[in-house]
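Work through the exercises below with the structure open. Try each task before reading its solution.

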Amino acid sequence: MSSKSYKIKEKISDALELPKDITLDIPKIVILGTDSVSIENHKGIISYKDNEVRINTGSGILTITGHKLAIKSIILEEIIIIGKIDSIGYR
Amino acid sequence: MLILRIWNYLRGYAIIIVKGIKIERFINLAVVNDIYLWDIEKIDYTTIKAKISSKDFLKLRSIVRKTDSNIQIIEKCGIPFKLKKIKNRKWFFAGVAALFIFIYILSSYIWMIEIYGLQNIDEQVIIDNLSYEGLKIGVRKNKINKREIENKMLIRMPELTWVGLEIKGTKAFVTIVEKKPEPQLINRDEPCDIIASKNGVIEKILVLNGDGMVKDGDTVKKNQLLVSGTIIRDNFPERYVHSMAEVHARTWYEDVEEIPYEQIEYRKSGKVYTTYSMEIINRKLERNKKIPYEDYNKREREIYVLNFGSYVFPIKLVITEYEELVSMTKIISADEAKTICEERLNTKIKLQIPEDAVILNQRIEYFPNEKSLIGKIYVEVLEDIGVKVRIY
C-alpha cells in the first residue's frame, strides 16, 4: 500500500481536495448503530460465517464479527451487512 | 435499493438455497456477473439462503458449474407467480367477482316498501298510487326522485296532508299523514239547533228559520240554546226545521303580560369556537373539550365523508360552532316598559280573536310594582257566536 504511486495519488487528492475513497480505491465504511454496516468499494467476500464476515478491500481485509450476520445486499460497489455487530477491524 | 426490491417484486423472485464448499466464491462470481443477490443468510457451514430475481436465476447455471454447488428453489414470490396462481384458480376469482357484482346489482333495487301512518286509507291504495308514480318493488334506486314522488303523491291523493319518502338499503319507508276528517256540514233538510260557541251579550239576532230563544241584549253562556229547530205550536204536532240565524254578540278577551325593568340582552361578541368530531354508525368519537364561553349559540354541520355511488357510508364529520354571547343587563324606564308591554299584548291577543270579529273596544291597564310592570289588556269584539247542532 505504501508504493510510490499510492503516495503521489494521495498527495494529489489532498491538494485538490478530491474524495479519497474514489481516487485511491479505498473502502468507505458506514456503520449504523450496531445493526448495519455498509462497505463501498469492496473487492469481494473472502469468508462468510454466521459470526464473522471477512471482506477484501483496497486497504486490507476487513473483518466484521457479531451474531446472526446476514448480507442484506451485495452488488459490485457496495455490501450491506446486517445483524448484531460486535467489532470491525482490519486483520 | 428499495426501488430495486419493488422492481424485483414486480418481476418475480425466488428464494433459493445454495449448497457448496466454495460458497464465498459463488457470491463473488454472482456479483461480478451482474447477478443481484440479496438477503443472504448463512444456514450452516456450507449452506446459504438468498433471494434472486427470476431473470437472474437462469444466469446462475455457469457459476454453479464453476463452484460445484447445488441450488434448490424453496419459494417463488412476486407478482408473476401470484398471477400464475390466480390463473390456475381463475374460476374461483371469477366467482368472487361475480358475487360482488351480483350483490351490488341486487342492492341497487327496491325490494320492500313499508308504509307508516295509515289510519283510514287502505294500504293497497297507497301502494297502487306509489307504483303509478314510479315507486314499486323492483325499481332501480337511482331512478327514484324522492321529492318528485312525494309531491306527485300529494297531488294524486288529496286525502293526504304529507308524504315522506326515505330509502334505506333496499327498503323504502313511506310515511304518510292523513287529513283530519272535515267538520260535517249539516244538510239543509236536516233539522238542527243553534247554540252559543262562547259567553257574550247578544247585540243582534236575526232568525231566518226556527224559533229564537234569546233577544237582543240578553247575556248568554257557552252552549246555551239560541235558536231552536223544534217548533211547538198549539194544536199542531211537533215539527223539526233546519234553523238558520245570524247571531252577533259582544264578547271579551283578556290577557296579561309582565315586563321586568331589568332586561337581559344577549349579543354576539364575534368570537367563534369550533370543534370537530367523527360519527361512525351513530357512535360519536369526540374529544371532550371545554367550551370556553358561558353563553353561546350552538350550530352543527354534518358532512358525510365517504360516498360510493348511491351508498353513503355512515361515517360523518360533525363540525360544531359555538358563537359566544355576551349578556348585558339593561334597566329600562317605565315608559319603555309600557311600549314593550303594549306591543306584546297586542300580538298575544291577536292570536285569540277570530279573524272575522270586529274590535269594538280595546283597553290596557298597567299595574306597576317595584321590579316589573304588569299590563292587562281587555278587548271587546263583535262576532258571530252561532253554531249549528243536529237534533237527534
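Two strands pair if DSSP finds at least two bridges between them. Strands (E, at least two residues) and helices (H or I, at least four) are DSSP runs, numbered from the N terminus.

The model is predicted: local features need pLDDT of at least 70 and side-chain atom pairs 80 or more, while totals for chains, interfaces and linings use all residues. Residues are numbered from 1 along each chain as its sequence is written, and chains are lettered from A and ligands numbered from 1 in the order in which they are written.

**Exercise 1. Trace the pairings of strand 9 of chain B with strand 15 and strand 11.**

Step 1. Take strand 15 (residues 244–260) of chain B. Strand 9 pairs with strand 15 in the antiparallel sense, over seven bridges.

Step 2. Move to strand 11 (residues 219–220) of chain B. Two bridges join strand 11 to strand 9 (residues 200–209), and the two run antiparallel. Here Gly200(B) stands opposite Val220(B).

**Exercise 2. Is strand 5 of chain B largely buried or in the open?**

Step 1. Apply the criterion. A residue is buried if 20 or more other C-beta atoms lie within 10 Å of its own, exposed if 12 or fewer, and partly exposed in between; C-beta atoms are placed from the backbone.

Step 2. Count. Strand 5 (residues 112–116) of chain B has five residues and zero of them are buried, so it lies largely in the open. For chain B as a whole, 16% of the 392 residues count as buried.

Step 3. Find the partner. Strand 5 of chain B runs parallel to strand 7 (residues 171–178) of chain B, with five bridges. Ile115(B) stands opposite Val174(B).

**Exercise 3. Describe the side of chain B that touches chain A.**

Step 1. Count contacts (C-beta atoms, placed from the backbone, within 7 Å). 13 residues of chain B are in contact with 14 residues of chain A.

Step 2. Assign elements. Helix 2 (23–32) and strand 2 (37–44) of chain B each supply at least two residues. Strand 2 gives the most, with six.

Step 3. Look across the interface. Strand 2 of chain B pairs with strand 5 (residues 60–74) of chain A, antiparallel, over four bridges. Ile74(A) has Leu37(B) as its bridge partner.

Definitions and conventions. Two residues are in contact if their C-beta atoms, placed from the backbone, lie within 7 Å.
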